[in-house]
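Subject: A structure for you, with notes

Hi,

Here is the structure I promised to pass on. My notes on what turned up in it follow just below.

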Amino acid sequence: MPLKVMTLNILMGGEDRMPLLLALIAREAPDVLVLQECLGWEDGERLAHVAAALGLPATEAHVRLGTARPRPSGRRYHVAVASRWPLRSARVHANAHFIGHCLLKCELETGAGPLTLFAAHFDAHHETLRFVEARYLRSLIEPVAFGERAFLLAGDLNSLSRADPYPVDLADRVRRARMDKYGHPPRFDVVDDLEGFGWVDTLRLKPASPQWATARRQREGEVIDFRTDFVFASPPLARRLMGAQVVDVGTASDHHAVTASFTDA
């Protein structure tokens, strides 16, 4: 059967928007779901609600919470995964020397064979720190296996792709808006490095609609559209891509979701 993947930053644990988020998740019905900013989810209650929205049991075979490292504020921006396919294993990477929030590596057994998933939320402050995360991710992957097997990278990477249709005056607009996280001028190092390793950006390969931005930011009178949310696939999995798209979530979050669908062979 086909495989549908969805990633979404739910914003500060979902707060009172959880009914909207759960309705969205049930409507989209992904086979593999990756969520970021799952603050306060340690008790398992909201993760169980997500499982229920997908018709899954709230067991470790189908849902996992990747515990993020604490930020200076004390907050932990956890990453969550829910999967219709059994999760054979899951390992959290949250070393503060290399990881901004959390990188959750999961091994799944799908109908089309094994799948390695990296559920990610990269650092929100500086491209150099995110580049360290991209290189750390490289260290977890054996290149030969990457060229032969199915791998996914999904999440909020807080990074920009030079393939997206940004305006020619993006650097000026970002400077006027006093948005420093991408650099001045904005940098594309992280996505360049990922694609240099061989990761394929599913939204750029087979977009199912013209919509590309996942986050609209308004500051200092500037309104700028960005895409920082991605579903990347290894080359063998990318060959099975049917299409990818941005899903408008309305007021459920300050990010839109990204989905990608793959054939089973």
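First, a term for the strand pairing: two strands pair if DSSP finds at least two bridges between them. Helices (H or I, at least four residues) and strands (E, at least two) are DSSP runs, numbered from the N terminus.

A word on the source: this is a predicted model, in which local features need pLDDT of at least 70 and side-chain atom pairs count only at pLDDT 80 or more, while totals for chains, interfaces and linings use all residues. Residues are numbered from 1 along each chain as its sequence is written, and side-chain values use heavy atoms, with hydrogens and water left out.

Six strands make up an open sheet of mixed pairing, in the order 3-4-2-1-14-13. Strand 3 and strand 13 (241-247) are at the edges with a single partner strand each, so one side of each has no neighbour in the sheet. From one strand to the next, the twist averages 10°. Strand 13 runs antiparallel to strand 14 (residues 257-262), with six bridges between them, and V246 has V258 in strand 14 as its bridge partner.

Strand 4 (residues 79-83) sits between two antiparallel partners: five bridges join it to strand 2 (residues 32-36), and four join it to strand 3 (residues 63-66). Opposite V79 in strand 4 is Q36, and opposite A80 is L65.

Helix 2 lies across strand 2, strand 3 and strand 4, at about 145° to strand 3. The two helices, helix 1 (residues 18-28) and helix 2 (residues 45-53), pack at an angle of about 35° with axes 8 Å apart. M18, L22, I25 and A26 of helix 1 meet R46, H49, V50 and A53 of helix 2.

**Cores**

A nonpolar core is a set of buried Ala, Val, Leu, Ile, Met, Phe, Trp, Tyr and Cys residues joined through side-chain atoms within 4.5 Å. The largest has 30 residues, and V81, L108, L117, L152 and F262 touch the most other members. Strand 6 (residues 102-110) supplies the largest share, four residues. A second, separate core of 24 residues includes L21, L56, A82 and V249.

**Cysteines and a loop**

How many disulfides are there? The count is zero, taking a disulfide as a pair of cysteine sulfur atoms within 2.5 Å. The sulfur of C102 is 9.4 Å from its closest cysteine sulfur, in C106, so the two are too far apart for a bond. Both are buried, C102 at 1% relative accessible area and C106 at 0%.

Lastly, P210 is in the loop between helix 7 (202-205) and strand 10 (215-219), and is exposed at 81%.

Best wishes

Key
Buried means under 20% relative accessible area, exposed over 50%, partly exposed in between (1.4 Å probe, protein chains only). Axes are lines fitted to C-alpha atoms, for helices over the stretch in contact, and angles run from 0 to 180 degrees between N-to-C directions. Contact means heavy atoms within 4.5 Å.
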